[in-house]
Amino acid sequence: MDKRIDSADAAVALIPDGATIMMGGFGLCGIPEMLIAALHRRGTRDLTVISNNAGVDGFGIGVLLEARQVRKMIATYVGENKEFERQYLTRELEVDLVPQGTFAERIRAGGAGIGAFYTPTGYGTLVAEGKESREFDGTHYVLERPLKADFAFVKGDRGDRHGNLTYRRTARNFNPIMATAARVTIAEVETLVAPGEIDPDAVVTPGIYVQHIFLGGPYQKRIERRVVREG
Amino acid sequence: MDTRLRIIRRVAAELRDGDYVNLGIGLPTLVADHIPPGIDIVLHSENGLLGVGPSPTEAEVDPDLINAGKETVTAVAGASYFSGADSFAMVRGGHIDLTVLGALEVDQAGNLANWMVPGKMVKGMGGAMDLVAGARRVVIAMEHSTRDGQPRIVPRCTLPFTGLRVVNRIVTDLAVIDVTRDGLVLREIAQHTTLEAVRALTSAAFVVDAPLKRF
């Protein structure tokens, strides 16, 4: 198969206003930089973005917020950026905060055909309000529904034209599960290799989950909190 | 001794050889610099790393290698990387022996509030609700009272819950308090304080263990 697409711009041209998009990354680590920048250039609006965080001022999802392209965010931890905070407090932006493990499992469930699941996380808290609770073997659980998206933006380390992907270190994070949970998954990779060059044992995301792939770069890979020791 | 350092050192004494440990963002993260000699533990970071190492040197800094606090870190020999779904399967599945988290309030039933203050900017709970629901042991590391001297260990949390009946032990700059089936038990007080001072800054009911140890 050949799932290569020319560029990030060609890929985001597929996305209509009002789409729901999952974006990989934890903080700024492992975010799909090329696709976010292309979506910003194209100006697609009224988006629902599903991402662990919301970027920072001037980088990552932060640029989409500044351009008022995002209507709703589903995330686990936000507020690393002033524009987000402003839109949140003025209610211009709808925000749905989800416990991180529930967030991950809802995405996993979305990609795996699971209709709902019980988790102990959040029982008795605000996040359980309006949801069914049930006790199994003496533990209380909350019923959670899957998360799915129209598109997923995934950042891989290496990829091939079949869509097989590997990831590098903690840049993996939510990328592999988001790749499974969208109708159309677009992958950007740092190295695009010939089929067979990735050892099948090393493939993290099998190509079946990926519809489009392109070679990204150059990557900025900004660091949010640079902590170093002497040496 | 500095208040934070006192808490960190006492929390470090909670670590057991062979533990898989998740340290929360902020003060709990600093416990990693005070692991007692002879104790071999593996640090879990919920962004997808088992085997968190020390901060990198300038030459080792790698933007693809961070902890859950988004700080640059290193990985020890024998580390592994995994997705967010796997990371929280470890957490909820009871595979993490110990988590150390900060708190705004803990109450006498072991309920924890540490993620939001109504009326203030709500940043989100991150992984805290999952950690308290799934880790085998939950230790809270916090200052005993607020900056203006209000108790944080209270009869009933006034702030929104992170989890119900989830806390096992509270370590503060003044005291070590266990949450038991029969309520709170004061096990230890700091060298520089008195039982009366601890009582004055604790609004929850507690019983005093005998003999009361010092730390």
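**Salt bridges first.** I looked for salt bridges across the interface of chain B and chain A, and the rule finds eight. My cut-off was a side-chain nitrogen of Lys or Arg within 4 Å of a carboxyl oxygen of Asp or Glu.

**Ground rules.** This is a predicted model, so I note that local features need pLDDT of at least 70 and side-chain atom pairs count only at pLDDT 80 or more, while totals for chains, interfaces and linings use all residues. Residues are numbered from 1 along each chain as its sequence is written, chains are lettered from A in the order in which they are written, and side-chain values use heavy atoms, with hydrogens and water left out.

On the side of chain B that touches chain A, H2 (84-92) and H3 (128-134) of chain B each supply at least two residues. The largest share, four residues, comes from H2(B). Helices here are DSSP runs of H or I, at least four residues, and strands are runs of E, at least two, numbered from the N terminus.

I then counted contacts (heavy atoms within 4.5 Å): 46 residues of chain B meet 51 residues of chain A. The two chains bury about 4,100 Å² between them, 61% of it on carbon and sulfur atoms; that is accessible area (1.4 Å probe) lost on being put together, summed over both.

**Ten-strand sheet, chain B.** I traced an open sheet of 10 strands with mixed pairing, in the order S4-S3-S2-S1-S5-S8-S10-S11-S12-S13. Pairing takes at least two DSSP bridges between two strands. S4 (75-81) and S13 (206-214) of chain B are the edges with a single partner strand each, so one side of each has no neighbour in the sheet. S12 (183-189) of chain B runs parallel to S13(B) over five bridges, and Leu186(B) has Val208(B) as its bridge partner there.

**Three-strand sheet, chain B.** I found another open sheet with mixed pairing, ordered S7-S6-S9. S6 (105-107) of chain B is antiparallel to S7(B), with two bridges. Val106(B) has Leu112(B) as its bridge partner in S7(B).
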